[in-house]
Each structure stands twice: as structure tokens, then as C-alpha cells.
Amino acid sequence: MKLNIRGDKVEITSAIKTQVMEKLKKLDNYFENPEEITANVLIRINGLSQKIEVTVPTKKFTLRAEESMEDLYAAINLVVDKLERQIRKNKTRLNRKFKNNVIPEMNMAFEVTEEEEDEKKIMRRKDFEMKPMDEEEAILQMELLGHDFFIFKNESEGCTSVVYKRKNETYGIINVR
């Protein structure tokens, strides 16, 4: 797998680069032609916290994981474990979705344990009326409900919007047109 490693507020030393390369090499087992895939790695520093984000775009899907810790090398280990768990956990789902269309990037010859094969199923469905409201009212509704996101008819934008709480306690809005 080719790597595109860059740092935000941190210099990428050869030791960091070597560690990332060695750990991400584990993922090569899950791809048919790993030399054709480029993983984007972003390492950033925020106070004492060191964060690593890994994105692996393929033709059919994108793998992404991030981890934040005080020890960058521990974060690298955890993010690779997360990516590996994502691949293994979703093997059955990927096979079912692309059963007629072979996924050229993936090597599906690995074994999955029963625990990993347990699929997420939709357990609950909700229907509700969306009344038009402004963004401030939507944030208030979200906070009152104690949720991390809230879907509403955005009267100022004239579309359906999602307001969500970000990790740094600010808010974001996604407009669906």
C-alpha cells in the first residue's frame, strides 16, 4: 500500500514514518493489489493530544479511522486495529452488497469469527413531522432532547438540514437539497 503521510503542526520524522509504514503493512493482507491503493495519513497535534487519521479510498468504498492519544505510537497501533476490525466486521456485508460485482481491491479469503460476523440490523424506526424552524431553534431542540444531531426543515435555506454537535463543542450544519 502506498502512503501519503502529512503532518499538521508536527514534523513527520523518519521514525514516525517507519512506524506508520510498518503498522499499515498489516492491511496489505486484505487487498488484492495493495500497491494500487494509496492510504492518506494525517497526523496532528492539539495541545497534549496527538491525533492520527487514516483514510483508505478504494473504487467501491472508503475506509476511515482516527485515534487521539498523548502517545502517538499508541495511537498508530489503535488506528490500525480499528481499520482491521472494520474490514473484518464488514466482510459479510461487503460480500452481500457486491455479490455479483467482484470487489477488485479486496482479498476476501480471510476468516471471520462469529463475533465479527454479527451484523447490525435496524432495530427501531421513527417517523416524525418536521416543522419549519431556524437554526437556533433546531440547536435548542437538539439540546433539549440530549442528542448529538437534529434533523429539521430549515426555513432560511428552504431545505432539510441536519445540525450536529462537533467534538470541540461547536455546531455544524448539513443541508440536503
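Modeller: One definition comes before the rest: axes are lines fitted to C-alpha atoms, for helices over the stretch in contact, and angles run from 0 to 180 degrees between N-to-C directions. The model is a predicted one. In it, H1 and H2 pack at an angle of about 20°, and their axes are 10 Å apart.

Colleague: Why are H1 and H2 called roughly parallel to each other?

Modeller: Angles under 35 degrees count as roughly parallel. The angle between H1 and H2 is about 20°, so H1 and H2 are roughly parallel to each other. The crossing of H1 past H2 is right-handed.

Colleague: Which residues in H1 and H2 meet?

Modeller: From H1 they include Ile16, Val20 and Leu24, and from H2 they include Ile76, Val80 and Leu83. By class, the contact of H1 with H2 has 9 nonpolar, 2 polar and 1 charged residues.

Colleague: Where do H1 and H2 lie relative to the strands?

Modeller: Helix H1 (residues 14-24) lies across S1, S2 and S3, and runs at about 140° to S1. Helix H2 (residues 72-89) packs on the sheet and touches S2, S3 and S4, with its direction at about 150° to that of S4.

Colleague: What is the strand order of that open sheet?

Modeller: The order of its 4 strands is S1-S2-S3-S4, and the pairing is mixed. Strand S1 (2-8) and strand S4 (62-69) are the edge strands, as each pairs on one side only. On average, neighbouring strands of this sheet are turned by 15° against each other, direction ignored.

Colleague: How do you know that S2 and S3 pair?

Modeller: Two strands pair if DSSP finds at least two bridges between them. Strand S2 (residues 38-46) and strand S3 (residues 49-57) have 7 bridges, in the antiparallel sense, so they count as paired. Asn46 has Ser49 in S3 as its bridge partner. By that rule S7 and S8 pair too, since 6 bridges join these antiparallel strands. Val163 stands opposite Ile173 in S8. The hairpin of S7 and S8 has 5 residues between the strands, and Glu169 takes a positive phi near 65° there.

Colleague: What makes the contact of Glu66 and Lys167 a salt bridge?

Modeller: The rule asks for a side-chain nitrogen of Lys or Arg within 4 Å of a carboxyl oxygen of Asp or Glu. For Glu66 and Lys167 the N to O distance is 2.8 Å, so the pair qualifies. Glu66 lies in strand S4 and Lys167 in the loop between S7 and S8, so the pair ties together parts that are 101 residues apart in sequence. The count of salt bridges by this rule is 13.

How values were computed:
Residues numbered from 1 in each chain as written. Predicted model: local features only at pLDDT ≥ 70, side-chain atom pairs only at ≥ 80, totals over all residues. Heavy atoms only, no water. Helix = DSSP H or I, 4+ residues; strand = E, 2+ residues; numbered from the N terminus. Contact = heavy atoms within 4.5 Å. Parallel < 35°, antiparallel > 145°, perpendicular 65-115°, else oblique. Left-handed = near helix turned anticlockwise from the far one by under 90°. Nonpolar A, V, L, I, M, F, W, Y, C, P; charged D, E, K, R; others polar.
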